[in-house]
Amino acid sequence: MGEKLLMKGNEVIAEAALRAGCRHYFGYPITPQTEIAHYMAKRMPQVNGTFVQAESEVAAINMVYGAASAGVRVLTSSSSPGISLKQEGLSYMAGAELPAVVVNIVRCGPGLGGILPAQCDYFQTVKGGGHGDYKIYTLAPCSVQELYELTVDAFNISDRYRIVTMIMGDGILGQMMEAVEFRDEHEEKVIPYDKDWATTGTQMKRDKNVVTSIYINPEVLEKHNQKLQAKYATIAQEETRVEVFNCEEADIIVTAFGTVARIVKNVIKLAEKEGIKVGLIRPITLWPFPDAAFRQYSETAKAFLSVEMNAGQMVEDVRLAVNGKRPVYFYGRMGGMVPAQSEILNKIKEILAK
Amino acid sequence: MGIQQDIIIAGFGGQGILSAGRLLAYAGMLENKNVSWLPSYGPEMRGGTANCNVIISEEPVGSPILNSATTLVVMNGPSLDKFEGVVEKGGIIIIDSSLVDRKVKRSDVEACEIPATMMASDMGNLTYANIIMLGKLIAKTAIIDKSNFEKALIKVLPPKKHYMIPEEMKALELGMSY
C-alpha cells in the first residue's frame, strides 16, 4: 500500500475510478456529490480521458450507454433526484447488458427534498427503479477506505457480468474526510475483460456486433429475460457481501448499511457497558441481499432491529430473510436526520424488555 | 490525551474553520491516529456559518457525526450559542474573545478566552486567527504534536503557498503560549 492520505469520500470515488481504468465520465452537478465531477473535470484531461458535463442527467446516462457499448470503462454520478432521471437509461442498459458504474450519494426526498444524508433510495435501487425485470449490483460502503476498495471492485464486477453496478452512499460518506491508502498503480486490482461484444468497428474482419435492448419476438425476448435472470442468480451466488460483527451470542442483532452501520458499532460498545450483547449484520451488497447471514443468526438471536435513514425499506428484505422465525423491528429517521446512538440504544432496550 | 477527542470547530464562513479542522485531522493522521473530518454542508451553511466535526482517536472512528464534543472551538457568537450545550461535562470551550462578546454560561466546563483575531491582526494577517485558535487547542489538549502540525501544513497547502508556513507556525506558537 502507498502513503496514507486524508481525502474526501467523493474525491476518493473519482480517484478509485481512475485507478480502475475508467477514462470516461459523464455527469451533471448536484449536491452532495459534485466533488466527483470537480475531480474528474480536473483529472480526465491529464490522463487523456473524457469529461463531459452533460446538459441533463438523462443525457449523461445515455452518454454512459454509448461509451459502455464501445467497451470502455465509464462512470456517472448523481444524487437522488438525478438518479431518478437516469432510471430509463439504467433499464435500457440492463436490457442491453452494458457494464457501467453509477454513484448515488443519496439525499433526502421525496421530490427535491433536501441535501442532507438519507437512505431513502434503497427501494429505487434494489427493487428496480426503472421498468422491466432487472437488477443493479448495489454496493453500500461505510468508510472512505471502503469507497476506494468497492469502487475498484465495482468496475471489475460490472465488466465480468455485463451489469450496471451502483455505489450507494450518503452525504456524510461523500463529504467526510478520512484516511485512505491507495495501492501502488501497478498493484491495482484492475481485471481486464475481453469485450468481444462491444461495438468497436469490424475492420471488415468480423461480423457486426449489435448492442440493443429491443426484442420484438416474444420467444426471443423471453429467452433473453431467462438469460438475464440466470445471470442474476449467478451473481447472487458468487458476489454477495456482508460484514457480520459480534453476532455470536448476541441477544439482539441490529442491521444497518453505510453510515448507519458506523453509528451502530458505537452503540454496540455502549450496550456492552450495560451488559447487553448486540450484534451487527451490515449488508455490503444491498442487491444481492445477504439472506444467508440473517437465516443463520435467526437460530440464535432473540430479535432483529433494522436501523435506516428512511421510513423502513431494507427492513422488508430482513423480514423476508428471517422468514417469521424471530420478530423484526424497525427504527428510522428521515428528512436528513441521523439516528443518534442513544436513540438506537433506547430502542434496543425497549425491544429486549418485551 | 484520552482515547478519543471529539472536536467541534465553528464560526463564520471565510474564517478558515473547515481548513483548521482539516489541518488538525491531517496532523492526527500523521501521528497514526484514526481521524475523521466532517464539514457542515447542509442548510446552516446558507446563513454564512461554518462548522466541522473532527475526531482523533486511538480506536477506529465509529460515527463521524458528533452529538457531543470534548472540546469546542468557537470563532463567533452564534456558534457559542449553538454549541455551548453539546460540550461534555469537564470539556473545554475555546473562544475567540475578540469576536465573541459574551462569557461561557456553563460552570461545568473549562472556558479559555483568547483574542485570536486581534492577535492575528497584530501579526498583520487576519487569516492566521484560525491557526492561533488551534495553537490554544493544542496547548490545552495535547491533541497533536506541534511538529506534526507543520508536516500537515506541508501536505495540505499547495507548494506555491509553502512560503507561508513559517508565519503559520509562528501563529500556532502565539496561540500555544497565550
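In the predicted model, 27 residues of domain 1 of chain A are in contact with 22 residues of domain 2 of chain A; two residues are in contact if their C-beta atoms, placed from the backbone, lie within 7 Å. Helix 6 (122–126) of chain A is among the elements that each supply at least two residues of the domain 1 side. Helix 6 of chain A gives the largest share, 4 residues. Helices (H or I, at least four residues) and strands (E, at least two) are DSSP runs, numbered from the N terminus. The domain 1 side divides into 19 nonpolar, 5 polar and 3 charged residues. Ala, Val, Leu, Ile, Met, Phe, Trp, Tyr, Cys and Pro count as nonpolar, Asp, Glu, Lys and Arg as charged, and the others, Gly among them, as polar. Domain 1 spans 4–239 and domain 2 spans 243–352, with bounds from an automatic or database domain assignment. Their C-alpha centres lie 28 Å apart.

The contact between the chains takes 20 residues from chain A and 16 residues from chain B. On the chain B side, helix 1 (17–30) and strand 2 (34–39) each supply at least two residues. Strand 2 of chain B has the largest share, 5 residues. The chain B side comprises 10 nonpolar, 5 polar and 1 charged residues.

Strand 9 (residues 177–181) of chain A runs antiparallel to strand 2 of chain B, and 2 bridges join them. Strands pair if DSSP finds at least two bridges between them. E178(A) stands opposite S36(B). Within chain B, 6 bridges join strand 2 to the antiparallel strand 3 (residues 49–57). N34(B) has S57(B) as its bridge partner.

Residues are numbered from 1 along each chain as its sequence is written, and chains are lettered from A and ligands numbered from 1 in the order in which they are written. Local features need pLDDT of at least 70 and side-chain atom pairs count only at pLDDT 80 or more, while totals for chains, interfaces and linings use all residues.
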